[in-house]
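Me: Can you walk me through the strands in this structure, and how they sit next to one another? I'd like a close look, in plain words.

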Amino acid sequence: AYFLQDDARVDEITILEKEDAIGGLCRSIRKDGYIYDIGPHILFSKDKEMLNLMLDVVPETNRLRRSNQIIHKSRYVQYPFENDLSKLPEEDLSYCITAFRNNPYENYDAQNMLQFFLKTFGEGITNLYLRPYNEKIWKHDPSFMDTQMVERIPRPTDEEIMRSAAGETVDGYVHQLYFDFPKAGGIEAVVKGFADRLNGKCRIYLNQVIGDIYKEGNQYTVKTDKAVFRSDKLVSTIPVQELTDRYRGSGGQRAYDCIGNYVKDLKYNSIIIAFVKTRENLSGNNFAFMIADKQVLFHRISKMDFLGEQYKTDGASYMVEITFRKDDWIDNLSQPELEKRIRSGLREIGFIRKEEDADFINMTKHEYAYVIYDLNHKSNMDKIRGYYDEEGIYLNGRFGNFEYWNMDRILRDSKNLAEKISGGRDGL
């Protein structure tokens, strides 16, 4: 809407939002005077135009230097793992160095995520951290995931590995070494910044639960539980599964009858976000912590206090992330059971001394969180996009387009989409 609104040929833009606030996964949750995000959002990007745009719409940001740690056998290893190997126990360090320098997999073409890890880092780094962490976060064997998530990771050189092993912490992924975060309001401040810049053509309707969607001639009709909306163009940011369940094409045929098998085969994870306050700050001046140990339920924990004065509390406050699949054993845990396991994990990683030192402020579940790039993802999405292209429907956003994209990439895609709608073969 932001990118399209200045086109003189656009008379009206209607935004339908299911929740009582805009933003999707980029919302911030307020509870008992605390504010936290749905996962650890930060503002960084190699795409400087989109990064500057995000920074421009926020009144003020804090500029911060990344301090992320991997907790491995009660030791802090600075992220990324391969750049801080000297922190490992001697046996693990030797395993990583030897397997990296004598790697039987390096000349193979990687066909999946696991093969990429073995080819790029060797068995030591793969087996000690990359394999167990990715199994934990994705709940999916990495040998059945393609390389879309990881193919941009640079291969460390022998020199970098030896410097890392000798005690030098080598900064990796330097484009995200420094990042910004809104001084107030959480990550939702970015979303609100864009909303505040929408002109009078744009109207946002909250609490609109989408029902039937269909096409008649060249016009689209969207029914919600409160109203009926009609338009000449339709951009869908709802999960493509939900769109396919609700949409009927111009001939009256259900989308599900045409592409349902491909949609059913798409894989994704849901997430639990717990906001926990501890009586002491035992984690140092760090932001995010990754834990591959499968005895600990959560895969990542992030400290809101790190992000600026407005987010600090007595002791420390953390966002705890737990991925799950609908109806799996984690989904079936009661809230008391989840709290017990989280307390146990916090004690295991040394963030509390005893389990009563953690107070739970809030816990929420979000069905659509992580897109999984399994081996069928690309072929499935090619079929699904082909169908909606024929129907003239534009897919947009992480789950609308079913791509594991961050805010900057979604902004770029939205700008490109607005230009496509305004001109070219899809011109107004």
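Reply: Let's start with what "pair" means here: two strands pair if DSSP finds at least two bridges between them. Keep in mind that this is a predicted model.

With that in hand, look at strand S5 (residues 69-72) and strand S15 (residues 288-291): they pair in the parallel sense, over three bridges. To see one such spot, find Ile70, whose bridge partner in S15 is Met290.

Now zoom out. S5 and S15 belong to an open sheet of seven strands, and the order across it is S6-S5-S15-S16-S17-S14-S18. The pairing in this sheet is mixed. What stands at the edges? Strand S6 (75-78) is at one edge and strand S18 (358-372) at the other. Each of these two has a single partner strand, so one side of each has no neighbour in the sheet. The sheet isn't flat either: going from one strand to the next, the twist averages 25°.

As for what holds strands together in general, strands of a sheet pair through backbone hydrogen bonds, and they can do so in a parallel or an antiparallel way.

For an antiparallel case in this model, turn to strand S10 (residues 219-224) and strand S11 (residues 228-231), which pair in that sense over four bridges. Here Tyr220 stands opposite Ser231 in S11. S10 and S11 make a hairpin, and three residues lie between them.

How values were computed. Residues numbered from 1 in each chain as written. Predicted model: local features only at pLDDT ≥ 70, side-chain atom pairs only at ≥ 80, totals over all residues. Heavy atoms only, no water. Axes fitted to C-alpha atoms, helices over the stretch in contact; angles between N-to-C directions.
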